[in-house]
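Take a walk through this structure with the sequence at hand.

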Amino acid sequence: MTCILMAASALFCAEPTYALDNGVIRIEVEPRLFAVRFVGFRDKPNFVAPLAVEASVAEGKDWTDAGGLQTDLLPYSGKDAATRRGPAEVIEYRADYIAMLGPPSESSGMRLKKEIQLDGDLPRAHFRITAQRVGADPATVALRSTVRLGAKSTVRLERTDGDIRVLAGSDSTIPGVVKSRRYWLIPIPPTTDLRGVILGASAPRMIVANDAGTWTRTLVAPPVDASRIPNASTFVCVLDSPTGSYGAALQGKLTEVKTGELVTLEEEWVFTKRGG
């Protein structure tokens, strides 16, 4: 389907952070960094780990890693500032919804839009990324949404969803992955120093657990053709102890898009409070 991303005037606000809050869960986004900086229950530990960004960098347009929850295009071709950090325009904002539109990328020929919608007063939300082809020639791309993980958290995958395998950095999933009766567990930080380990799985969902409870990210329409998914993995996890870089991603299929065409990645988020 060919269409053009919604056009609207940007909303300008002196405050760099916009918050969605339904009295149960809270999500904070920073458009100038195109990043989600807080995800979780009100007054509880953050499920994502943002990184400090100097004010001069945040106000600029150079590539930077703001941590939290961010998006990349695959195949990854380098540090594309327009895709990774924007800055984005807020084209619509309410207490339960935000839509941000990033700038066109000269290097990838794509333009990203991110939307978050809270589900009434429930501990649930929807996250949707839309990439539009603005370049002149067709391109084949996939979307990846990565959360940077903080200490004292654990990634869980349902064992019934499939096995975890090593994509790089090790010959074995041990000791990075622990097997329980129901889950594959990936403790953050790992119990042993790991260097550049990348794990993958054909899993439609992942769970982040911390002292607040759990955050389940589920692909709304998970791809089924493994040959069209980068590394045949809808789930990817990076573990690097020397740099303290721990991330877990969900990614979609490679899709050819012509000028004006779209590719999307949509997740449903469900939160369960610890002891609740």
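Arg32 is partly exposed, because its relative accessibility is 23%; in this predicted model, buried means under 20% relative accessible area, exposed over 50%, and partly exposed in between (1.4 Å probe, protein chains only). Residues are numbered from 1 along each chain as its sequence is written, side-chain values use heavy atoms, and hydrogens and water are left out. Because the model is predicted, local features need pLDDT of at least 70 and side-chain atom pairs count only at pLDDT 80 or more, while totals for chains, interfaces and linings use all residues.

What does Arg32 form with Glu30? The two form a salt bridge, with the closest N and O atoms 2.6 Å apart. A salt bridge here is a side-chain nitrogen of Lys or Arg within 4 Å of a carboxyl oxygen of Asp or Glu. Glu30 has 7% relative accessibility, so it counts as buried. Arg32 also forms a salt bridge with Glu59, where the closest N and O atoms are 2.4 Å apart. This pair links distant parts of the chain. Glu59 lies in the loop between α1 and β4 (69–74), Arg32 in the loop between β2 (25–30) and β3, and 27 residues separate them. Helices (H or I, at least four residues) and strands (E, at least two) are DSSP runs, numbered from the N terminus. Glu59 is exposed, at a relative accessible area of 57%.

Arg148 and Asp65 meet in another salt bridge, at 3.8 Å from N to O. Arg148 is in strand β9 (residues 139–148) and Asp65 is in the loop between α1 and β4, so the pair ties together parts 83 residues apart in sequence. Arg148 counts as buried, with 16% relative accessibility. Asp65 is partly exposed, with a relative accessible area of 27%. Asp21, Arg26, Glu28 and Arg42 are linked in a network of salt bridges. The count comes to 17 salt bridges.

Now turn to the rings. A search of the whole structure finds eight aromatic pairs. Rings of Phe, Tyr and Trp (its six-membered ring) pair if their centres lie within 6.5 Å; planes under 30 degrees apart count as stacked, over 60 as edge-to-face and the rest as tilted. Phe41 and Phe271 have ring centres 6.1 Å apart and planes at 75 degrees, so they are edge-to-face. Phe41 sits in strand β3 (residues 35–41) and Phe271 in strand β20 (residues 262–273), 230 residues apart. Both Phe41 and Phe271 are buried.

Phe271 also pairs with Phe47. Their centres are 6.1 Å apart and their planes stand at 45 degrees, so this pair is tilted. Phe47 is in the loop between β3 and α1 (55–58), 224 residues from Phe271 in strand β20. Phe47 has 2% relative accessibility and counts as buried. For Phe271, the relative accessible area is 3%. Which residues form one aromatic cluster? They are Phe41, Phe47, Phe127, Trp215, Trp269 and Phe271.

Charges meet rings too. The charged end of Lys114 sits over the ring of Phe34, 4.2 Å from its centre. Here a charge sits over a ring if NZ of Lys or CZ of Arg is within 6 Å of the ring centre and within 35 degrees of the ring normal. Arg159 lies over the face of Trp184, 5.3 Å from the ring centre.

Next comes the backbone. Most residues other than glycine have a negative phi, and most peptide bonds are trans. A cis peptide bond joins Leu74 and Pro75, with omega about 0 degrees. Pro75 is in the loop between β4 and α2 (81–84). The bond from Ile188 to Pro189 is cis as well, with omega near -5 degrees. Pro189 lies in the loop between β13 (183–188) and β14 (197–201).

Lys152 is not a glycine, and its phi is positive, near 65 degrees. Lys152 is in the loop between β9 and β10 (153–158) and is exposed, with a relative accessible area of 69%. Ala232 has a positive phi of about 55 degrees. Ala232 lies in the loop between β16 (213–219) and β17 (235–240) and is partly exposed, at 25%.

Finally, step back. The protein chain has two helices and 20 strands. Buried residues make up 50% of its 276 residues. Its C-alpha atoms fill a box of roughly 50 × 40 × 35 Å, taken along the principal axes.
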